[in-house]
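Please open the structure in the viewer and display the side chains. The stops below say what to select next and what is there.

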Amino acid sequence: MDATTNGDATDVAPQNGQRLTFRPATRDDVPALVVLVESAYRGDSSRTGWTTEADLLEGQRTDPEGVAEVIDTPGGTVLTVHRAGDLVACCQLEKRDGHAYFGMFAVSPGRQGGGLGRAVLAEAERIAGEEWGVDAMHMTVITQRDDLIAWYERRGYVRTGELTPFPYGDERFGLPRRPDLAFELLVKRLR
């Protein structure tokens with residue numbers, strides 16, 4: 001991929017030739033980010049793509065307060081990804097104890113499966129490794145998401161077996177449809 005930086009924004013031409021613009025989110029982006037994340041993971045609209053969690057969880061995936069909190073977190077950023085002026089993806093990056101944490105990754109359901117997610121992940125890894133100088137990227141994924149975990153494994157992430165319980169009873173993270181949900185830590189060495 002070819003990347004150029006313009007102020008706070010980075011333009012990237014992925015392999016398919018369609019230019020993407022990455023820029024840090026501001027509080028003005030919160031409403032659009034909530035809509036994007038919700039559409040990628042919850043409800044009927046999420047079933048258009050392959051990243052849906054609708055069979056595992058109902059209710060919300062995030063809310064405006066949660067997104068604003070992530071944007072305001074010191075040592076982190078939420079990258080917004082635009083194509084032809086439209087918000088098409090986002091992700092959270094945060095420096096934590098010598099590694100970067102990758103989260104809040106969402107690609108518009110109608111644009112999934114065409115390489116956009118790979119381009120976003122590659123740019124996040126580039127920022128974490130080249131700009132931040134960290135050695136590894138960490139993320140957590142619901143253990144029942146075999147298809148998503150396999151996608152990350154194909155991109156070099158390794159399952160650690162380290163589990164964190166799902167926050168049952170906290171409706172900010174959704175309403176579980178099964179009693180055995182947990183998050184597994186995945187790690188990729190960046191250098």
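How exposed is Asp147, by its relative accessibility? Select Asp147: at 40% relative accessibility it counts as partly exposed, a class lying between buried (under 20% relative accessible area) and exposed (over 50%), with a 1.4 Å probe and protein chains only. This is a predicted model, in which local features need pLDDT of at least 70 and side-chain atom pairs count only at pLDDT 80 or more, while totals for chains, interfaces and linings use all residues. Residues are numbered from 1 along each chain as its sequence is written, and side-chain values use heavy atoms, with hydrogens and water left out.

A salt bridge here is a side-chain nitrogen of Lys or Arg within 4 Å of a carboxyl oxygen of Asp or Glu. Arg145 is buried, with a relative accessible area of 4%. The whole structure holds 16 salt bridges.

Move on to helix H4, residues 116-131; helices (H or I, at least four residues) and strands (E, at least two) are DSSP runs, numbered from the N terminus. Select Glu123 and Arg126, whose side chains meet in a salt bridge of 2.8 Å, N to O. The two residues are three apart, about one turn of the helix. Glu123 is buried at 5% relative accessibility, whereas Arg126 is partly exposed at 21%.

Now select Glu125 and Lys188, a salt bridge with its closest N and O atoms 3.1 Å apart. Glu125 lies in helix H4 and Lys188 in strand S11, so the pair ties together parts that are 63 residues apart in sequence. Both Glu125 and Lys188 are buried.

Turn next to the aromatic rings. The structure has six aromatic pairs, counted when ring centres of Phe, Tyr or Trp (its six-membered ring) lie within 6.5 Å; planes under 30 degrees apart are stacked, over 60 edge-to-face and the rest tilted. Select Phe166 and Phe183, a stacked pair at 5.7 Å centre to centre with 25° between the planes. Phe166 is in the loop between strands S9 and S10, and Phe183 is in strand S11, 17 residues apart. Phe166 is buried, with a relative accessible area of 6%.

Finally, select Ala84, in the loop between strands S5 and S6. Its phi is near 55°, a positive value in a residue other than glycine. Ala84 is exposed, at 77%.
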